[in-house]
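Dear colleague,

Please find below the structure that I am handing over to you, with its sequence. My notes on what was found in it follow directly after.

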Amino acid sequence: MGRAFEFRKERKLKRWSKMAVQFTRLGKEIVMAVKAGGGDVNTNSRLRTAVQNAKAVNMPKDRVEAAIKRATSRDEKDYEEIVYEGYAPHGVAILVETATDNINRTVANVRSYFTKVGGTLGKTGSLDFIFTRKSVFTFVPGDRDLEELEFELIDAGLEDLFVEADEEGNDIAVIHTAFEDFGKMQKALEEAGIETKSAKLERVPQSFHEVTEEQVADVMKLIDRLEEDDDVQAVYHNMAE
């Protein structure tokens, strides 16, 4: 499928192998969820989702429980969620979600990452025409009739339901709904007895930017630097796959 595909696949596997970084991000999400809505997963849907996502990547149970306990402490830091937008080299749009206890540190770091690779950091809202927020749920389809499921989930705001392969080559069903329908879809899936692998609010590109195989490497330098930063929760781009 070409060197560009193999390059991206190798980099993607390398990033996902950094479990410590991933667990740190999930731990932050758990802390923010508890501070926003309490430590009971039965009454706090954001916390329930965060714990669910942690289980999906095999985050140790003791680390999940420690994050919940830590969030209830008065000494635990408060995190502010900030989104940064800009362009990588070769015109690829980049959107960065962060959770930070020091905005000055975070913005300085993010700006330096863009500058060092020849990118530019833009104003908030400058990429609204490229990215839209979507609720994204994944689950293992098994023997479930997905066409029938589509009809069942229409009232919950279903926009799209498709199957793709995960990194191990296994089938994963993916659901897209509007940003505001997250809670409604989450409840509908629970009532249908579907155990989701992940449930997230993501930034989905509405248009894609073509790059050459050589340009992919330049863009990935920026993405890798951003994803290695402890304050960064997620990085989205519109580089064509």
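E80 has T100 as its bridge partner in strand β2. The model is a predicted one, and this bridge belongs to the pairing of strand β1 (residues 80-87) with β2, which is antiparallel and runs over eight bridges. Five residues lie between the two strands of this hairpin, and H90 takes a positive phi near 70 degrees there.

Strand β2 also pairs with strand β8 (residues 232-237), again in the antiparallel sense, over five bridges. Here I94 has H237 in β8 as its bridge partner.

How many residues of β2 (residues 93-100) are buried? Eight of its eight residues are, and the strand is mostly covered. A93, L95, E97 and A99 point one way from β2, while I94, V96, T98 and T100 point the other way; residues in both sets are buried.

Is S198 buried or exposed? S198 counts as buried because its relative accessibility is 15%, and the cut-off for buried is under 20%. The side chain of S198 makes a polar contact with the side chain of T138, at 2.7 Å. Leaving aside neighbours within four places in sequence, S198 is in contact with N53, V136, F137 and T138.

Finally, an unreviewed UniProt entry lists residues 79-239 as "domain: TACO1/YebC-like second and third". Over these residues the chain is 29% helix and 35% strand, and the end C-alpha atoms are 30 Å apart.

With kind regards

How values were computed. Residues numbered from 1 in each chain as written. Predicted model: local features only at pLDDT ≥ 70, side-chain atom pairs only at ≥ 80, totals over all residues. Heavy atoms only, no water. UniProt positions renumbered as here; feature names shortened; annotations may be inferred. Helix = DSSP H or I, 4+ residues; strand = E, 2+ residues; numbered from the N terminus. Buried < 20%, exposed > 50% of the residue type's maximum accessible area, 1.4 Å probe, protein only. Pairing = 2+ DSSP bridges. Polar contact = N/O pair within 3.5 Å; in protein donor to acceptor, adjacent residues only side chain to side chain. Contact = heavy atoms within 4.5 Å.
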